[in-house]
Every structure is written in structure tokens, then in C-alpha cells.
Amino acid sequence: MTRAEAKERNRRALLDAAFQVVSRDGYRAKLDEIADRAGLTTGAIYSLFGSKNGLVVALVADYLRPYYEEVERAVPAGLDLLEAVDAFARYYRRSCDGPDALSRLSLQITLLDMALHDPELGSQLATSIRSQENHLIALFTGRSHKGSLVTPGQAEHLTTALRALFVGLSQAVPLGLAPGADEEYFADTARALVSDVSLIDHDSDLS
């Protein structure tokens, strides 16, 4: 095994261990337990991630990356904006029934709690999440809608609205608080956001 391969193996082991410990303990998660689970030392955490916060931020990026890659496959090029939002909404609803839905919900709540206890970590997490959401902004940018093409600013506005909608719904579904929220409900609600109001940005007016 090369040095680079060993480094990546250690990084992967620490991220997997951190997912388990952070999901359970939140801001009380101990670096020594994470290191023990990974079969490494706390020195490896500092060497690879710089700090506990660095590890948590890397964990979030690692967790979100495959999600956005799956979204890009679920929303192919060639769809107009309404079709793209519909496909995205249906994919999101299906993910609520996945085997990892409850663990994802647990991690979301845990990360919010950690951010509230540590404003510096909260700022770092927000930056990381916004960086990942650029994939969604790019996914919607340039799609046709009412005879025009969606601008990056409009796509960003829409992405913010969709995030707020789906985070709430995805928390309600596993808890049984949204019994009628099937794929059609998700799609109908998401399409309702694609209006002149939700797409307004300061640089362009889509009419």
C-alpha cells in the first residue's frame, strides 16, 4: 500500500467512525472514541483534519457528496425547469423511505444541535453545505421556463426554497407526521415554488 493509499484508508476509517459517534453523541462526541473505532490515534485526526471541527465539516461534505451525485443522475439534462423540479422532488421523496432515512434524520438534528453549541462550527458547516448546494444551483441554471432561461441567481433562490421545503418534509415523513405526503404531494408542492416570486433575483426578471 502506498503512502497515499494508507492516508485515504485512514481518512475513510475516521469518517466512518465519526458518523457513528457524532450521530449518537453530537457535540459530546469524543475524539478518542472516534480514533479507537477507526483503529487509529487522535493524532491521526489532527494530522488529517486539523481539529474536531475539521473532522465534522469533512464528515458533512462526505455525507452530502454522493447525495448530490445521485440527484444529478435523477434529474437529466434536457428537462425544462418544471420537469427538473418534479424529478428532483420525486427523488427526494423516495429517499425518505430508504433504509438510512432515520440515521440521516438523526445526523441532521445532531448537526443542528452542534452548530447551536458552537457558532464557529455552525459557520463552517453552513459554508460547506452552501458549497455542496452549488451542484443544485448548477443543475437548475440554464433550464427553460416560460420562454426564458433560468439565471444562476434565480436558481439559487429556488434552491434555497426547495431546501427549506424538503428538509421539513423529510423530517416529518419518517416520524409519521405527513401521512399523505407521497411522491405526487412532494412534486406538486415543489412545482408550486416555481413561480415568478420564487425565481426573482436582482439581476434578471423572469416573466
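A: A definition comes first: Ala, Val, Leu, Ile, Met, Phe, Trp, Tyr, Cys and Pro count as nonpolar, Asp, Glu, Lys and Arg as charged, and the others, Gly among them, as polar. The model is a predicted one, in which local features need pLDDT of at least 70 and side-chain atom pairs count only at pLDDT 80 or more, while totals for chains, interfaces and linings use all residues. Residues are numbered from 1 along each chain as its sequence is written, and side-chain values use heavy atoms, with hydrogens and water left out.

Q: How do the residues lining the largest cavity divide by class?
A: The lining of the largest cavity has four nonpolar residues, two polar and one charged. A cavity here is a set of points, on a 1 Å grid over the protein atoms alone, where a 1.4 Å probe fits but cannot get out; a pocket is an open set with protein on both sides within 12 Å along at least five of seven lines, and lining residues have an atom within 4 Å of a point.

Q: Which residues line the largest cavity?
A: They are Cys96, Ala101, Arg104, Leu105, Gln108, Ser170 and Pro174. Helix α6 (residues 101–117) gives the largest share of that lining, four residues. Helices (H or I, at least four residues) and strands (E, at least two) are DSSP runs, numbered from the N terminus.

Q: What volume does the largest cavity have, and how many cavities are counted?
A: Its volume is about 40 Å³, and the count is one cavity of 30 Å³ or more. Grid points are joined across faces, edges and corners, and a volume is the space filled by probe spheres set on the points.

Q: And how much space lies in the largest pocket?
A: The largest pocket holds about 970 Å³ of space. The elements that give two or more residues to its lining are α4, α5, α6, α7 (119–140) and α8 (152–172).

Q: Which lining residues lie nearest the centre of the largest pocket?
A: Of the 31 lining residues, Tyr63, Leu64, Gln108, Ile129 and Val167 lie nearest the centre. By class, the lining of this pocket divides into 21 nonpolar, four polar and six charged residues.

Q: Where does Val167 lie, and what does it touch?
A: Val167 is in helix α8. Leaving aside neighbours within four places in sequence, Val167 is in contact (heavy atoms within 4.5 Å) with Tyr92 and Gln108. The C-alpha atoms of Val167 and Leu105 are separated by 9.3 Å, although these residues are 62 apart along the chain.

Q: Is Val167 buried, exposed or partly exposed, and why?
A: Val167 counts as partly exposed because its relative accessibility is 30%. Buried means under 20% relative accessible area, exposed over 50%, and partly exposed in between (1.4 Å probe, protein chains only).

Q: Changing topic, what is the overall layout of the chain?
A: The chain has 10 helices and two strands, in the order α-α-α-α-α-α-α-β-β-α-α-α along the sequence. Its C-alpha atoms fill a box of roughly 60 × 35 × 35 Å, taken along the principal axes. Buried residues make up 41% of the 207 residues.

Q: Which residues have the most contacts inside the largest nonpolar core?
A: They are Ile34, Phe88, Phe140, Phe166 and Phe186, in a core of 59 residues. Helix α4 (residues 52–74) supplies the largest share of this core, 10 residues. A nonpolar core is a set of buried Ala, Val, Leu, Ile, Met, Phe, Trp, Tyr and Cys residues joined through side-chain atoms within 4.5 Å.

Q: What does Phe166 touch?
A: Not counting residues up to four places away in sequence, Phe166 touches Phe88, Ala89, Tyr92, Phe186 and Ala190.

Q: Why is α5 described as largely enclosed?
A: Helix α5 is largely enclosed by the rest of the structure because 11 of its 15 residues are buried. Among them are Asp86, Phe88, Tyr92 and Arg93.

Q: What span should helix α5 have?
A: At 1.5 Å a residue, the 15 residues of α5 (residues 81–95) should span 21 Å, and the end C-alpha atoms are 21 Å apart, which agrees. The expected span is 1.5 Å times one less than the number of residues.

Q: Finally, where does Lys146 lie, and what is its phi?
A: Lys146 lies in the loop between β1 (144–145) and β2 (148–149). Its phi is near 55°, a positive value in a residue other than glycine. Lys146 counts as exposed, at 53% relative accessibility.
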